[in-house]
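Morning, everyone. Please have the sequence and the model open side by side. I'll be quick.

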Amino acid sequence: MLLPSVSGGLCVVVGERPSMGDTATRLLVELALRGTVLVMDGGNRLQAYPLARALRQRTTRIHLLSQRVLVRRAFTAYQMLALLESAPGAASPLVIVDPLATFYDETLAPAPARWLAQRCLQEVERLKQAAPVFILLGRCPSPERRFLHDMVCQKADTLFFEAEESSGAVQPPLF
Amino acid sequence: MGRTVPTITSQLNETEAMLQGFRRALRRGDQALLDGLLASARRHLAAISASGALLPFEAALLAMLMEQARQITALEEEVHILREELIRLRDGQD
Amino acid sequence: MVKIERTGWLMDVYTRPQGELVCWLLSEDGQRWLLPFDFPATFYAAGNPGVLRQAWRFLQGRGVRCSRQVRHDLFQGERVVLAVTVDLPGRLPETCRRLAQAFPALDYYDADLPLSVRFVSRTQLPLLGRCRFETDGQRLLDVQPLESAWEMQPSLPPLRVMEIECDADPALHPPQAVTVRCGKRCYRFTLQPLRALLVNLQALLSMYDPDVILTRYGDTWLFPFLSEQAASLNPNRDERMQVEFRRERSLFAYGQVLYRGAQALLFGRWHIDRCNAALFAEIGLSGALEMARVTGLGVQEVVRKSPGAGITAMQMQTALRDGVLVPAVKQQAEASRTLDSLIRYDRGGMVYQPLVGVHRHVAELDFASMYPAIMVRYNISPETLNRNDAPAGLIPRTLQPLLVKRLALKHCLHTLDRRDSRVNDLKARQTALKWLLVVCFGYLGYKNARFGRVESHEAVTAISRELLLQAKESAEEMGFSVLHMYVDSLFVKREGAEGEADFLPLVEQIQQQTGIGVSLEGVYRWVVFLPARRDRRIPVANRYFGVFEDGTLKYRGIALRRHDTCPYVAHTQLEILGCLAQADDPRERWGEAWALVQQRVRSLQRRQAAVESLQMAVKLSRDPQAFRRPSAAAQAARQLQAQGLAVRAGMRLFFWFTRRGVSVTPPSAAEVDWDRYARLVLQAAAEILDLLQPAYEVRQLHLPVCR
C-alpha cells in the first residue's frame with residue numbers, strides 16, 4: 001500500500017477509471033483506521049457498500065469508522081470547484097476521487113474547463129498545506145482534454161501510476 | 001445527480017455473485033437450498049433497505065431466518081392438524 | 001401617429017437577427033400582428049469588486065448600459081452586482097458570452113433565460129393569454145394582460161391549422177408525394193415536378209395563412225428538403241426570418257440514451273412535427289397550449305423539449321417575479337456527510353415487494369402527485385434545507401399553483417359525463433400539467449438544475465418512504481393486509497371488503513394522518529402480482545395485471561406495456577386479458593385463454609398474420625459501431641446505414657425477424673421467421689398464464705403441432 005511512502009503534500013495516483021473505486025476503497029480504509037478522512041467524489045466512483053464491507057474486514061468498530069469517512073459529491077465541474085473552495089483547511093487527509101470526470105463533459109468548453117481546473121488546483125495547493133491530499137486520477141478518455149490530466153500530474157509532489165491490468169494468465173500464489 | 005449509492009437489489013446481486021465460489025462447491029441439492037434461501041430474502045427488500053444497514057447482507061440473513069420461521073410455523077400447524085386427524089382416526093378405531 | 005387598440009392573444013415572442021424583440025399577436029377580429037416591441041434585457045455579474053470594475057471598463061463602448069445594484073442570491077443573500085442592460089434582447093447572449101470569456105471568475109446571473117420567460121415575467125401576460133394591446137401599426141406600444149396562466153377556462157385563440165404529411169417514412173424510403181390538409185380541403189402533390197409543388201405550397205400558405213403547421217417528418221425531412229431545393233420559399237409568416245434549423249443529437253438523460261432529431265422552427269407561426277414532439281401524441285394541441293401557458297416557453301419549444309425544461313422555466317419565472325437572481329451555473333456543493341448517513345439517505349422511494357399470486361377484491365390507493373405535494377407541504381426547496389421556520393421556498397411557490405390547477409382540472413373531469421365534448425380537452429390539459437409535476441422531483445436532483453440540491457431531493461424520498469410506512473401501519477391497524485406498495489401507491493385487501501365504500505375509511509385515515517391527498521384508484525375484482533422471470537420464488541415490484549369492478553383492465557410491466565413488443569404479440573396478450581377479465585377469478589378461464597393462444601399461434605404457422613403487425617421496434621442504446629455482438633438492433637442499424645441513412649444512439653428502429661436474421665423493410669411472407677414470432681407469442685402468453693394454470697395441469701407451454 002502507498003501509505004508508508006507518502007508523508008504529505010499532494011499525492012496523485014493515476015489509474016484506470018473502472019478500477020478507481022477499488023483503489024479508493026483500499027485507501028479510505030487505511031486512512032479511516034487512522035482517523036477522520038474527507039472524500040470528494042467527482043465521478044460517482046465511491047463504492048459505499050464495498051467500503052463498508054472493507055472496513056468490516058479490518059475492524060469490528062464499523063459504525064465508529066463509518067462516521068470517520070466524510071463524503072461530499074460533485075456532479076459538475078463547477079461543483080467540484082465549489083467543494084474545494086468551501087473546504088476548510090482541516091487537519092484530516094483529503095481524498096479526491098476522479099476529480100476531472102465532469103471536466104471531460106462535452107457540454108463544457110475547453111476554455112472554462114481549463115480555468116476551472118486551474119482554480120481547483122489553486123484550492124488543492126491551499127488545502128495540502130494543512131493535511132495530505134490524495135487525488136485518484138482516471139486516465140484521460142479524450143486526447144483533446146489530455147491537458148487537464150497533465151495539469152494535475154504536474155502539481156503532484158508524489159506521482160504513482162497504477163499498473164495497467166495484464167490480460168495474460170497469471171499463476172496464482174501458492175499460499 | 002441524485003442517487004449514487006446502488007439499490008439494495010443490486011447490492012444483494014453483488015453479494016450473491018461473491019458467493020458463487022461457495023455455491024459452486026456445494027452439492028447440486030444443496031445449491032438449490034441455498035438459492036431458495038437467497039430468494040426468500042428478496043421478499044423483504046423494503047425492510048432490508050429501510051434498516052439502513054451498512055452491511056445489508058446482515059439484514060438479508062435476518063430476512064432469510066424469518067422466512068425459515070414462517071415455514072416452520074406453517075409446518076408446525078400442518079403437523080398439528082395431522083396429529084389431531086391421527087388422534088381422531090385412532091379414537092374412531094377404538 | 002394613429003394608435004390602434006385591440007384585444008387578442010399573445011401567441012409567441014422571438015428576436016429578429018438584429019436583436020429586436022417581436023411579438024406575434026392574434027386580435028379578436030382575426031388579424032395576425034407581428035410587432036416589434038421595446039424590451040431591454042438585463043443580466044448581472046457578481047464577484048471580486050476589483051474584477052467587477054475591470055468588467056465595467058471592458059463593457060464601455062459596447063452599446064450596453066451598466067449600473068451597480070444590490071440583488072438577492074437565493075443561497076448567498078444580498079449581493080452587489082454589476083447590472084448590464086442591452087436594448088436589443090437578441091444581443092444579450094453574445095454580450096454575456098464575451099464577458100464570461102474575459103472574466104470567468106465572476107458569477108453570472110439571468111444570463112441564459114429564455115426570452116419568452118423574461119417577457120411573460122415582466123408583462124405578467126402569459127403566452128396564449130388574452131390581452132389588450134396598443135400599436136401604431138408598426139410597433140407594439142403597450143400590452144396589458146387580461147388573463148392569468150392559472151385561468152381554469154382560458155379563452156382560446158381561433159387557430160388555423162395546416163397539416164402536411166409525406167407518403168413514406170423518409171428514414172426508410174424517399175417520399176414521392178405530400179398531402180396537405182387545411183380546413184376541410186385536402187390536396188395531394190407529387191414531389192416531381194418540384195416547381196409545381198413549390199408553387200402550390202406557396203399559394204396554399206398565402207391563401208390559408210396557417211398559424212400552425214402540423215407535419216410528420218417536418219423537422220427531419222420536409223423543411224430541410226424545402227430549404228435545400230427551394231431557398232425562395234419561405235414558410236415563415238415573418239418574411240424577415242429564415243427557418244431556424246437545430247441539429248440532431250443523442251443525449252443521456254433519465255438513465256437512458258435519448259435521441260433528439262433535428263428541428264425546424266418557424267417565426268410568426270408554429271411548426272409541430274408529430275414524429276419529433278415527444279409528448280404531442282399524448283397531450284395534443286390543447287395540452288401543448290396549456291404547457292406553453294403555464295411554463296412561458298413557446299409552443300414550438302414545449303412540444304420538442306422535455307417537461308423538465310418547462311419546470312425550469314417556471315422556476316425562473318418565480319425567481320424573476322420575486323426578485324431572485326437566476327444563476328447561470330449551479331454551484332452549490334453538497335455538505336459533507338458520513339458514510340453511514342450517505343447509505344441511510346441516498347435511497348429512492350419505498351418499494352414493498354408484492355405477495356405473488358391471484359388476489360381478489362383488492363383496492364389500489366394512490367397518493368395524488370405525491371412528490372410535488374410533499375415539496376409544497378414540507379416546504380422542500382434548496383434554500384430552506386434544515387430550516388423549520390423558513391417562509392415558503394422557491395420550489396413550493398412554483399409548484400403550488402400547478403398542483404392546485406391540476407387538481408381542479410381533475411375534479412372538473414370527474415364531474416363531467418364521459419361523452420361531454422370538453423372531456424378530451426380537459427384530459428389533455430390535465431395530462432400536460434401532470435408531466436410537469438412528474439419531472440419536478442427529478443429536477444430537484446438534476447445536476448444542472450439552478451434551483452436543485454441533492455439533499456432536498458433525498459429529503460423528498462425520505463418523507464415519501466415515511467408516509468408510505470405510516471399508510472401501511474394505518475391499513476394494518478384497520479385490519480387490511482398490504483399486498484404491495486410502490487413509491488406512491490398501495491394495494492390492500494381485507495376479508496369481507498369488496499366495494500369502494502369498504503375502503504373509503506382507510507383513504508380518509510391515511511389522508512388525515514399524512515396530510516397528502518389520497519385517491520382510491522379503484523377496487524380490482526382480481527389482480528395478479530407476477531414473480532421474476534428468472535426465479536418464480538422472487539417477487540417483482542410493479543409487475544401485475546388486474547381488472548377493476550367495472551371491467552377496466554390495468555397492467556404494468558408485461559410485454560403489452562413495452563415499446564419493443566410487436567403489435568401481434570401485444571394484441572394476443574390483450575385478448576388473453578380480455579378473456580380472463582370475464583371471470584370472477586382468472587384461474588377459471590385458464591383453459592379458454594390457452595385455447596386462444598393456440599389459435600393465435602396457429603394463425604402464425606399458417607402465415608395468416610399481416611406483416612405490419614409483426615413489426616418489431618427497438619431503441620438503440622449506443623451508436624451502431626459500438627455494438628460488439630450482432631444483436632437484432634445492431635443488425636437493423638447496420639442495414640439502415642448500408643442504405644445511406646444516419647443512425648445514432650437513442651433512435652427508435654423498426655425491423656422484422658426473417659429467416660436470414662432481420663430486415664428493416666417489410667419482408668414477404670416467405671421470408672418471415674414465423675416460428676420466431678410463434679415463440680414470442682408463447683412467451684407473452686406464459687408471462688400471464690403460467691401463474692394461473694391449475695396445479696393438475698402444470699406443463700410447459702410449447703408450440704402446438706400444426707395441423
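Start at Leu365(C). Not counting residues up to four places away in sequence, Leu365(C) touches Asp488(C), Ser489(C), Leu490(C), Val492(C), Leu506(C), Val507(C), Ile510(C), Val518(C), Ser519(C) and Leu520(C). Contact here means heavy atoms within 4.5 Å.

A word on the source. This is a predicted model: local features need pLDDT of at least 70, side-chain atom pairs count only at pLDDT 80 or more, and totals for chains, interfaces and linings use all residues. Side-chain values use heavy atoms, with hydrogens and water left out, residues are numbered from 1 along each chain as its sequence is written, and chains are lettered from A and ligands numbered from 1 in the order in which they are written.

Now, which residues touch the most other members of the largest nonpolar core? They are Leu365(C) and Val492(C), in a core of 101 residues. Helix H12 (residues 423–444) of chain C gives the most to this core: 11 residues. A nonpolar core is a set of buried Ala, Val, Leu, Ile, Met, Phe, Trp, Tyr and Cys residues joined through side-chain atoms within 4.5 Å. Buried means under 20% relative accessible area, with a 1.4 Å probe and protein chains only. A second, separate core has 56 residues, including Ala593(C), Val611(C), Val662(C) and Leu692(C).

Next, the sheet. It is open, has 3 strands, and runs in the order E27-E28-E29 of chain C, with antiparallel pairing. Helices (H or I, at least four residues) and strands (E, at least two) are DSSP runs, numbered from the N terminus. Two strands pair if DSSP finds at least two bridges between them. E27 and E29 of chain C are the edge strands, each pairing on one side only. E27(C) and E28(C) are joined by 4 bridges. Val618(C) stands opposite Leu653(C) in E28(C).

What lies across this sheet? Helix H17(C) does, at about 105° to E28(C). Such angles run from 0 to 180 degrees between N-to-C directions, and axes are lines fitted to C-alpha atoms, for helices over the stretch in contact. Helix H18 (residues 674–689) of chain C also packs on the sheet, touching E27 and E28 of chain C.

Just after H17(C), Gly644(C) takes a positive phi of about 90°.

Notes
Buried means under 20% relative accessible area, exposed over 50%, partly exposed in between (1.4 Å probe, protein chains only).
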